[in-house]
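These are my notebook entries on a single protein model. I set down what I looked up, in the order in which I looked.

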Amino acid sequence: MGLLDQLSAQVLGTQGAMDGSEGGIARVALDLLQQHEGGLGGFLSKLEGAGLGQEVSSWIGTGSNLPVGASQLAAALGPDVIRRISGELGQDSSHVASTLAGLLPQLIDRLTPSGSVDDAAPLLSQGQSFLATLLR
């Protein structure tokens, strides 16, 4: 099983294709990482600046991932981001924040297998392509 298959099965907690909710939030999560000013590094710096430095370091590192609470992540991302995602997906804000809080640590961990953010750029592009095929 390749990295992107694992992304679907393990990170998103499914055994096959994602349902609309998980797939939509997974797509948004990859968009957040890829389109944030400064890319993945800029996104992670934003989270670190919001007090999640220890958590972010664990996601990038090769050890266990520290969890992040939905309210912590929502505060770090900002209410406008959560509202935008909720509106785009037609989902409740608390569901979006909770799903992102479970998804992002694992996604970032998978995108940084060697413990380096610099290695993630090609994987982000592959992830976008992979999710696009799953969501068709």
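**Entry 1. Overall fold**

I began with the secondary structure and counted 7 helices and 0 strands in the protein chain. Read along the sequence, the pattern is therefore α-α-α-α-α-α-α. I note here that the model is predicted. I then looked up burial over the whole chain: of its 136 residues, 45% are buried.

**Entry 2. The nonpolar core**

I next asked which residues have the most contacts inside the largest nonpolar core. They are F43, L47, L77, L100, L104 and I108, in a core of 33 residues. I traced the core back to the helices: α2, α3, α4 (70-77), α5 and α6 (93-111) each give two or more residues to it. The largest share, 9 residues, comes from α6.

I followed I108 in detail. Setting aside residues up to four places away in sequence, I108 touches L33, L40, F43, L44, W59 and I60. Of these partners, F43 is also listed with I108 among the core residues with the most contacts.

I then turned to L44, which lies in helix α3. Is L44 buried or exposed? Its relative accessibility is 2%, and because buried means under 20%, L44 counts as buried. Beyond its neighbours within four places in sequence, L44 is in contact with V56, I60, I108 and V117. I also recorded the spacing between L44 and L33: they are 11 residues apart along the chain, and their C-alpha atoms are separated by 8.4 Å.

L107 was my last stop in this entry. L107 lies in helix α6 and is buried, with a relative accessible area of 2%. I took L33 as the reference again: L107 and L33 are 74 residues apart in sequence, yet 9.8 Å apart in space, C-alpha to C-alpha.

**Entry 3. Salt bridges**

A search of the whole structure gave me 4 salt bridges. I asked which residues are linked in a network of salt bridges. The network is made up of R27, D31, R84 and E88.

R27 forms a salt bridge with D31, the closest N and O atoms being 3.6 Å apart. Both residues lie in helix α2, 4 residues apart, about one turn of the helix. R27 also forms a salt bridge with E88, and there the closest N and O atoms are 3.1 Å apart. This second pair links distant parts of the chain, with R27 in helix α2 and E88 in helix α5, 61 residues apart.

I checked the accessibility of both partners. R27 has 27% relative accessibility and so counts as partly exposed. E88, at 42% relative accessibility, likewise counts as partly exposed.

I then noted the salt bridge between the side chains of D80 and R83, at 2.6 Å, N to O. D80 and R83 are separated by about one helical turn, because they are 3 residues apart in helix α5. Both of these residues are exposed.

**Entry 4. The largest pocket**

I finished with the largest pocket, for which I record a volume of about 170 Å³. Its lining consists of R27, V28, D31, L32, Q35, H36, F43, K46, L77, V81, R84 and E88. By class, I count 5 nonpolar, 2 polar and 5 charged residues in this lining.

Which helix supplies the largest share of the lining? I find that α2 does, with 5 residues. The helices that each supply at least two residues of the lining are α2 (20-35), α3 (39-60) and α5 (79-89).

I compared this lining with my earlier entries. R27, D31, R84 and E88 line the pocket, and these residues are linked in the salt-bridge network. F43 and L77 also belong to the lining, and both are listed among the residues with the most contacts inside the largest nonpolar core.

Technical notes
Residues are numbered from 1 along each chain as its sequence is written. This is a predicted model: local features need pLDDT of at least 70, side-chain atom pairs count only at pLDDT 80 or more; totals for chains, interfaces and linings use all residues. Side-chain values use heavy atoms; hydrogens and water are left out. On a 1 Å grid over the protein atoms alone, a cavity is a set of points where a 1.4 Å probe fits but cannot get out, and a pocket is an open set with protein on both sides within 12 Å along at least five of seven lines; lining residues have an atom within 4 Å of a point. Grid points are joined across faces, edges and corners, and a volume is the space filled by probe spheres set on the points. Ala, Val, Leu, Ile, Met, Phe, Trp, Tyr, Cys and Pro count as nonpolar, Asp, Glu, Lys and Arg as charged, and the others, Gly among them, as polar. Buried means under 20% relative accessible area, exposed over 50%, partly exposed in between (1.4 Å probe, protein chains only). A nonpolar core is a set of buried Ala, Val, Leu, Ile, Met, Phe, Trp, Tyr and Cys residues joined through side-chain atoms within 4.5 Å. Contact means heavy atoms within 4.5 Å.
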